[in-house]
Number of protein chains: 2
Amino acid sequence: MNFTQKVKSICIRQHSLLCVGLDTDIARIPEFLRRETDAIFEFNKAIIDATCSFAAAYKPNLAFYEALGPAGWQALERTVQYIPEGILKIADAKRGDIGNTAKLYAKAFFDRFDFDAVTINPYLGTDAVLPFLEREDKGGFVLCLTSNPGSKDFQYLTDGQQTLYERVLEKVHSWNDRRNCGLVVGATHPDELKAIRAAAPGLPILIPGIGAQAGDVEASVRFGTDENGELALFNSSRGIIYKSGGKDFAEVAATEARRLRDQINKIRMSI
Amino acid sequence: MNFTQKVKSICIRQHSLLCVGLDTDIARIPEFLRRETDAIFEFNKAIIDATCSFAAAYKPNLAFYEALGPAGWQALERTVQYIPEGILKIADAKRGDIGNTAKLYAKAFFDRFDFDAVTINPYLGTDAVLPFLEREDKGGFVLCLTSNPGSKDFQYLTDGQQTLYERVLEKVHSWNDRRNCGLVVGATHPDELKAIRAAAPGLPILIPGIGAQAGDVEASVRFGTDENGELALFNSSRGIIYKSGGKDFAEVAATEARRLRDQINKIRMSI
């Protein structure tokens with residue numbers, strides 16, 4: 001099964017397009033948990049236990065783990081192993097490096113950790129991307145139009161015919177022989193998301209920015225899903241995992257994950 | 001002292017513009033070393049001992065360490081600690097992520113590891129870059145025009161007035177209030193390097209691609225240094241550290257590092 005089919009079938013089985021971002025920051029997890037030996041993992045474990053019925057994917061942001069050095073990588077390794085079978089594991093790494101280096105990153109994320117997909121920064125071009133796309137069951141989500149304010153600095157540069165992000169989209173088509181390549185498009189750009197979906201009916205799109213970054217859920221579900229209301233993953237990180245800072249953090253995260261899953265499903269059923 | 005001054009003074013004291021890339025791959029280090037408990041560190045230690053009289057900077061490429069998981073990070077930590085005072089430590093990380101994430105990467109590289117500088121991918125724009133530039137003594141080298149074949153895919157996109165890499169250069173000027181921001185420009189693009197140096201007389205430029213990637217040393221030294229023959233760092237990784245695969249690997253690396261340092265110095269003295 002290629003990666004695109006995998007995304008589709010997991011979303012159907014989980015009846016969810018929700019991706020829970022595990023941006024786990026030691027400074028933001030509940031006080032009482034920080035005393036634990038592997039506090040980051042304990043936090044993630046509780047979040048996963050509470051939300052796994054509502055999630056199609058988990059997406060640890062690697063910066064949060066790297067910031068802690070070797071202990072952070074151990075927490076990440078345990079977290080990835082703990083994510084139940086049948087839910088996508090996405091390494092939010094935003095890597096992009098020359099060919100021989102990209103190969104090593106692919107090895108790290110797909111072999112050492114058993115991630116299903118990785119986010120890729122396209123600035124360095126084709127040879128930085130292809131090493132992530134060598135196996136049909138492992139995928140790459142290429143940054144196309146990001147959710148942050150700085151997305152305006154370079155991604156809209158245009159030659160009159162095509163913006164940078166549109167050129168990235170065009171290249172993604174050429175990299176997609178194995179049907180394992182997707183896009184990252186921020187929910188903060190609904191009109192562009194609509195145009196991108198129209199130009200890429202068959203690509204999985206990872207859509208961050210609906211939680212703390214205040215992207216429009218209604219518009220991004222309407223515009224980001226394919227003609228069957230599939231092939232999009234909507235990520236919320238801080239909006240779910242830090243919704244409560246108290247003892248009830250996991251319970252509250254579950255309620256929020258369920259609410260968001262249902263909200264997304266309701267919108268896509270109404271299209 | 002700001003980062004730009006730091007680069008300058010280290011290069012003057014070391015009488016060298018050479019950066020040794022520590023792209024240390026367990027599969028490529030000499031057979032007899034692989035049996036050591038921390039083979040990666042032992043290899044780096046020998047390379048550093050042998051080359052530190054000839055180097056102005058060391059640049060571990062983080063992919064090579066990440067590929068090994070927690071043990072790789074430990075090897076990286078030990079390596080960075082082992083680099084002598086007075087030589088620059090550059091994390092070749094090519095990171096770029098939204099503001100709150102970039103902050104964590106900055107913390108990882110500058111606090112946890114004591115790196116002097118980090119390489120930054122500009123695709124996400126201003127808010128992905130600024131967190132790396134908050135301290136005047138710590139620097140960021142922003143990818144401008146990279147050395148690999150894929151650099152042609154996006155970096156030359158132009159609006160008729162300005163290519164993407166020229167827009168990156170322009171932005172770097174606006175990010176450089178603390179005089180701690182530089183560029184990465186591949187030695188494989190000598191003409192563009194010349195134009196970039198002319199437009200950025202005061203920026204440190206990290207120039208990869210002169211070793212295994214076959215960039216032109218003569219042209220890149222001539223065009224990449226500033227009016228005083230300073231402010232550029234020329235990186236070779238594989239061309240130095242894997243020059244010999246035998247017991248004499250460190251000795252041969254030293255000979256090659258010295259040769260390259262001298263070659264660079266001879267060219268810049270002749271300008």
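**View 1. Strands β3 and β4 of chain A.** A:Ile90 has A:Ala117 in β4(A) as its bridge partner. Strand β3 (residues 88–95) of chain A runs parallel to β4(A), and three bridges join them; two strands count as paired if DSSP finds at least two bridges between them. Helices (H or I, at least four residues) and strands (E, at least two) are DSSP runs, numbered from the N terminus. The model is predicted: local features need pLDDT of at least 70, side-chain atom pairs count only at pLDDT 80 or more, and totals for chains, interfaces and linings use all residues. Residues are numbered from 1 along each chain as its sequence is written, and chains are lettered from A and ligands numbered from 1 in the order in which they are written.

**View 2. The two faces of β4(A).** Strand β4 (residues 117–120) of chain A is covered on both faces. A:Ala117 and A:Thr119 are buried on one side, and A:Val118 and A:Ile120 are buried on the other. A residue is buried if 20 or more other C-beta atoms lie within 10 Å of its own, exposed if 12 or fewer, and partly exposed in between, with C-beta atoms placed from the backbone. In a regular strand the side chains alternate between the two faces of the sheet.

**View 3. The barrel of chain A.** Eight strands with parallel pairing form a closed barrel in the order β1-β2-β3-β4-β5-β6-β7-β8. Within it, β5 (residues 139–145) and β6 (residues 181–185) of chain A pair in the parallel sense over five bridges. A:Phe141 stands opposite A:Gly182 in β6(A).

**View 4. Helix α9 of chain A.** In α9 (residues 190–199) of chain A, the buried residues are A:Glu192, A:Leu193, A:Ile196 and A:Arg197. They lie on the same side of α9(A) because they cover an arc of only 135 degrees around the axis, the arc being that of the directions from the helix axis to the C-beta atoms. On the other side of α9(A), A:Asp191, A:Ala198 and A:Ala199 are exposed. The cover over the buried residues of α9(A) includes β5, β6 and α10 (217–224) of chain A.

**View 5. The contact between chains A and B.** Chain B and chain A each give 45 residues to the contact; residues are in contact if their C-beta atoms, placed from the backbone, lie within 7 Å. On the side of chain B that touches chain A, α5(B) gives the largest share, seven residues. The residues of that side of chain B divide into 19 nonpolar, 14 polar and twelve charged. Ala, Val, Leu, Ile, Met, Phe, Trp, Tyr, Cys and Pro count as nonpolar, Asp, Glu, Lys and Arg as charged, and the others, Gly among them, as polar.

Terms used:
Two residues are in contact if their C-beta atoms, placed from the backbone, lie within 7 Å.
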